[in-house]
Amino acid sequence: MEKKNKGRRLYWWAGVLFIVAILPVRAWGEGYSIDESVGGWEGFALGFASGIVAHEAGHIVVATSKGDSVRYDGLSIVYPGARLTRSGQLQLASAGFQTQWVLSEFVLRDRNGDEHIKPPSDFGAGVVCSYLGVSFAYLTFLKNQYSGDVYGMSQASGYSRDRISMMLAVPAVLDTWRLFGNDVPKWVPALSVLSKGMGAAWIWSY
């Protein structure tokens with residue numbers, strides 16, 4: 001019964017998210033290309049670094065909210081002594097991606113929630129590209145890293161690492177199109193938001 005109720009909640013959230021996703025009436029008109037000026041590269045690099053920091057901060061915030069300690073083991077965050085349930089592990093492992101999902105929407109949309117017609121600033125593009133870079137890294141060489149996000153999400157959910165990485169790749173591919181494409185169709189940002197929202201709903205109702 002509980003599993004059935006979770007399934008119903010997920011479908012309900014999917015319906016709500018679909019309605020929200022199709023509200024924007026504008027599509028992206030002009031794709032991003034970095035300025036040739038030195039300032040453009042500096043802003044992009046700062047945005048990229050900020051996106052990576054935000055990804056890691058997402059893990060730390062969720063871990064500390066659960067009362068777990070956090071430390072670094074090389075480039076990976078570990079949680080010594082943590083006793084996580086499967087749902088808790090899924091939330092923790094996915095926290096970095098969820099943070100970057102939200103940030104990418106802030107960058108790619110205006111204050112009214114419509115898709116931007118003009119491309120973002122170099123800093124904003126760097127933030128989005130950090131998310132895209134992390135996503136494609138986990139689709140390839142980081143997919144099987146024992147302390148990585150995909151491995152943790154796979155272990156918690158029981159889904160294969162290939163399936164998890166492909167789920168994460170869907171909004172990343174769409175956001176790549178949103179950032180660099182010209183005259184992007186309206187359904188692209190709508191589907192991106194829907195895929196992120198359904199992912200978050202699945203994670204937090206698991």
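Is Asp183 buried or exposed? Asp183 counts as exposed, because its relative accessibility is 63%. The cut-offs are these: buried means under 20% relative accessible area, exposed means over 50%, and partly exposed is in between, with a 1.4 Å probe and protein chains only.

Before I go on, a word on the source. This is a predicted model, in which local features need pLDDT of at least 70 and side-chain atom pairs count only at pLDDT 80 or more, while totals for chains, interfaces and linings use all residues. Residues are numbered from 1 along each chain as its sequence is written, and side-chain values use heavy atoms, with hydrogens and water left out.

Now the overall layout. The chain has 7 helices and 2 strands. Helices here are DSSP runs of H or I with at least four residues, strands are runs of E with at least two, and both are numbered from the N terminus. Read from the N terminus, the order is α-α-β-β-α-α-α-α-α. Of the 206 residues in the chain, 44% are buried. A contact means heavy atoms within 4.5 Å. Among contacts between residues at least 6 apart in sequence, 70% join residues at least 24 apart.

Back to Asp183. Asp183 sits in the loop between helix 6 and helix 7. Its phi is near 50°, a positive value in a residue other than glycine. Most residues other than glycine have a negative phi.

Another aspartate in a loop is Asp68, between helix 2 (38-65) and strand 1 (71-73). Asp68 counts as buried, because its relative accessibility is 13%. From Asp68 to Tyr79 is 11 residues in sequence and 6.5 Å in space, C-alpha to C-alpha.

Next, helix 3, residues 86-108, and its partners. I start with helix 6, residues 161-180: the two pack at an angle of about 20°, and their axes are 12 Å apart. Axes are lines fitted to C-alpha atoms, for helices over the stretch in contact, and angles run from 0 to 180 degrees between N-to-C directions. Helix 3 and helix 6 are therefore roughly parallel to each other. The scale is: under 35 degrees roughly parallel, over 145 roughly antiparallel, 65 to 115 roughly perpendicular, and the rest oblique. The crossing of helix 3 with helix 6 is left-handed. That word applies if the near helix is turned anticlockwise from the far one by less than a right angle; clockwise gives right-handed.

Which residues make the contact? Helix 3 brings Phe97, Trp101, Ser104, Glu105 and Leu108, and helix 6 brings Leu168, Pro171, Asp175, Arg178 and Leu179. By class, 6 are nonpolar, 1 is polar and 3 are charged. Nonpolar covers Ala, Val, Leu, Ile, Met, Phe, Trp, Tyr, Cys and Pro; charged covers Asp, Glu, Lys and Arg; the others, Gly among them, are polar.

Leaving aside neighbours within four places in sequence, Glu105 is in contact with Asp175, Arg178, Ser192, Val193 and Lys196.

Ser94 is also in helix 3. Ser94 is buried at 1% relative accessibility, and it touches Met153 and Ile203, not counting residues up to four places away in sequence.

The other partner is helix 4, residues 122-139. Here the axes come within 9 Å and cross at roughly 145°, and the crossing of helix 3 and helix 4 is left-handed. Among the residues that meet are Phe97, Trp101 and Leu108 in helix 3, and Val127, Tyr131 and Tyr138 in helix 4. This contact has 11 nonpolar, 5 polar and no charged residues.

Last, the aromatic rings. Rings of Phe, Tyr and Trp (its six-membered ring) pair if their centres lie within 6.5 Å; planes under 30 degrees apart are stacked, over 60 edge-to-face, and the rest tilted. The count comes to 9 aromatic pairs. One of them, Tyr159 with Trp202, is stacked, at 5.6 Å centre to centre and 10° between the planes. Tyr159 is in the loop between helix 5 (149-157) and helix 6, and Trp202 is in helix 7 (residues 187-204), 43 residues apart. Tyr159 is partly exposed at 27% relative accessible area, whereas Trp202 is buried at 13%.

Trp202 also pairs with Tyr206: the centres are 6.0 Å apart and the planes at 75°, so this pair is edge-to-face. Tyr206 is partly exposed, at 29% relative accessibility. Elsewhere, ring pairs link Tyr32, Trp41, Phe44, Phe48 and Phe180 into a cluster.
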